[in-house]
Protein chains: 2
Amino acid sequence: MIRLSTKGRYGARLMLNLAHHYKNGNEAVILKSVSDEEEISIRYLEQIVIPLKINRLVKSIRGAGGGYTLARHPSKIKLSEILHALEGSCCLVECVEDSDFCSRMGICATYEVWKKASDLLKDYFGNITLQDLIEISNRKNTKIKAKSKSKNN
Amino acid sequence: MIRLSTKGRYGARLMLNLAHHYKNGNEAVILKSVSDEEEISIRYLEQIVIPLKINRLVKSIRGAGGGYTLARHPSKIKLSEILHALEGSCCLVECVEDSDFCSRMGICATYEVWKKASDLLKDYFGNITLQDLIEISNRKNTKIKAKSKSKNN
DNA sequence: CTTATTTTAACATAAATATATAGAAATTAT
DNA sequence: ATAATTTCTATATATTTATGTTAAAATAAG
Ligand code: FES
Ligand code: FES
């Protein structure tokens with residue numbers, strides 16, 4: 001019913017990929033490698049990475065040996081920041097952040113509901129960092145490995 | 001960052017409008033009146049009301065004197081049902097309900113997060129009925145009246 | 001120091017989907 | 001019959017999603 005745009009979805013995976021390869025902030029990852037690993041069109045990734053750069057979530061290093069790297073340690077980057085950079089606003093409906101959007105705010109009962117739901121999401125995504133995602137990812141992968149191992153034996 | 005489509009937004013207001021005029025289920029409201037009161041294009045409302053009818057949330061009465069009315073008492077219609085009817089699925093990303101959508105589900109760490117966020121919303125909207133919205137609306141309006149009265153005195 | 005290579009950056013375009021409007025046929029009450 | 005109203009179908013516009021093409025910057029090699 002509510003759609004996270006592909007930008008937000010792909011952007012989160014792009015950032016998680018950079019986080020996986022994050023060492024000290026100096027080693028850059030080229031988009032081609034993200035594109036291959038995440039199976040997302042490189043042309044589209046190029047567009048998605050721009051707002052991430054503008055919002056200082058990634059650093060770009062041009063030229064040979066260059067690429068992109070996280071601007072900060074994964075534990076210092078919240079999912080809400082990524083989504084905010086990519087989708088502009090952080091709410092289900094425009095009127096929650098732009099009071100001019102809807103002239104009916106004063107009397108609109110649905111507004112209250114969209115507002116609270118937006119806050120729910122904001123809280124949830126505000127408490128998840130890239131580091132958390134890495135840990136979820138690791139847990140998931142070790143589980144898979146364990147599974148396939150027990151199958152083979 | 002996450003957008004509730006206009007269908008969902010307008011649909012919720014359409015349903016709330018019908019709820020306001022709900023008597024016993026026999027008195028129909030014409031879309032023109034909803035269109036005027038809610039300031040939504042009548043042509044667009046016509047399209048939005050169809051899935052609501054298919055999902056048996058409203059009843060239509062054709063011909064002169066006809067219109068639309070809620071299929072059940074406002075307290076028996078959940079917001080989640082309305083959104084489900086209008087947006088098809090009830091989740092932030094397709095992969096949550098359609099496992100074929102994303103081939104990476106098994107290893108995708110972001111999936112877990114979208115899934116939990118979807119559940120948060122599902123729970124929230126599943127606990128709000130049209131009756132609740134009516135009450136929110138009434139509280140809001142009496143507040144406004146009280147305010148404008150105190151201004152005039 | 002010059003040239004070739006790697007990579008980001010910028011711009012343009014195409015395809016798909018969401019949003020919105022328009023017209024007319026079908027149904028019903030009076 | 002006539003007027004009111006839903007229902008169906010078509011079309012226009014805007015936005016999102018995705019691909020392609022070229023230019024600019026930085027590095028590496030000779
Ligand atoms: S105030 Fe924007 S939908 Fe009600
Ligand atoms: S985004 Fe669909 S499984 Fe990760």
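Of the 23 residues around DNA strand C, those that come nearest are A:Lys53, A:Tyr68, B:Ser41, B:Tyr44 and B:Gln47; a residue counts as near a strand if one of its heavy atoms lies within 4 Å of it. Sugar and phosphate make up 66% of the atoms of DNA strand C that come within 4 Å of the protein. This is a predicted model, in which local features need pLDDT of at least 70 and side-chain atom pairs count only at pLDDT 80 or more, while totals for chains, interfaces and linings use all residues. Residues are numbered from 1 along each chain as its sequence is written, chains are lettered from A and ligands numbered from 1 in the order in which they are written, and side-chain values use heavy atoms, with hydrogens and water left out.

**DNA strand C**

- A polar side-chain atom of A:Lys53 is 2.5 Å from a phosphate oxygen of DNA strand C; a polar contact is a pair of N or O atoms within 3.5 Å, and within protein one must be able to donate a hydrogen and the other to accept it, with residues adjacent in sequence counting only if both atoms are side-chain atoms.
- Base oxygens of DNA strand C are approached from both chains: a backbone N or O atom of A:Ala64 lies 3.1 Å from one, and an N or O atom in the side chain of B:Arg43 is 3.1 Å from a base oxygen.
- At least two residues each of the surface near DNA strand C come from α3 (42-54), β2 (58-61) and β3 (67-70) of chain A, and from α1 and α3 (42-54) of chain B; helices (H or I, at least four residues) and strands (E, at least two) are DSSP runs, numbered from the N terminus.
- α3(B) gives the most to this surface, with three residues.
- By class, the surface near DNA strand C has eight nonpolar, nine polar and six charged residues; Ala, Val, Leu, Ile, Met, Phe, Trp, Tyr, Cys and Pro count as nonpolar, Asp, Glu, Lys and Arg as charged, and the others, Gly among them, as polar.

**DNA strand D**

- Around DNA strand D there are 25 residues, of which A:Ser41, A:Arg43, A:Gln47, B:Ser60 and B:Tyr68 come nearest.
- Sugar or phosphate accounts for 66% of the atoms of DNA strand D within 4 Å of the protein, and bases for the rest.
- A:Gln47 has a polar side-chain atom 2.4 Å from a base oxygen of DNA strand D.
- An N or O atom in the side chain of A:Thr6 is 3.3 Å from a sugar or linking oxygen of DNA strand D, and a backbone N or O atom of B:Leu31 lies 3.3 Å from a phosphate oxygen.
- The surface near DNA strand D takes at least two residues from each of α1 (6-20) and α3 of chain A and α3, β2 (58-61) and β3 (67-70) of chain B.
- α3(A) supplies the largest share of this surface, three residues.
- The classes here are nine nonpolar, 10 polar and six charged residues.

**Interface of chains A and B**

- Contact, meaning heavy atoms within 4.5 Å, involves 48 residues of chain B and 47 residues of chain A.
- The area buried between the two chains is about 4,400 Å², with 67% given by carbon and sulfur atoms; buried area is the accessible area (1.4 Å probe) that two parts lose on being put together, summed over both.
- Two salt bridges are found across the interface, where a salt bridge is a side-chain nitrogen of Lys or Arg within 4 Å of a carboxyl oxygen of Asp or Glu.
- A:Lys140 and B:Glu112 form a salt bridge through their side chains (2.7 Å, N to O).
- Five residue pairs are in polar contact between chain B and chain A (both at pLDDT 80 or more).
- On the side of chain B that touches chain A, two or more residues come from each of β1 (2-4), α1 (6-20), α2 (31-38), α4 (79-87), α5 (109-126) and α6 (130-152) of chain B.
- α5(B) gives the most to that side, with 12 residues.
- That side of chain B has 29 nonpolar, eight polar and 11 charged residues.

**Strand pairing**

- Strand β1 (residues 2-4) of chain A runs antiparallel to β1(B), joined by three bridges; two strands pair if DSSP finds at least two bridges between them.
- In this pairing A:Ile2 stands opposite B:Leu4.
- Within chain A, β2(A) and β3(A) pair in the antiparallel sense over four bridges, and A:Ile61 stands opposite A:Gly67 in β3(A).
- β2(A) and β3(A) form a hairpin with five residues between them, and A:Gly63 in the turn has a positive phi of about 80°.

**Salt bridges overall**

- Over all chains the count is 11 salt bridges.
- One salt bridge joins A:Arg13 to A:Glu38, with the closest N and O atoms 3.2 Å apart.
- A:Arg13 lies in helix α1 of chain A and A:Glu38 in helix α2 (residues 31-38) of chain A, so the pair ties together parts that are 25 residues apart in sequence.
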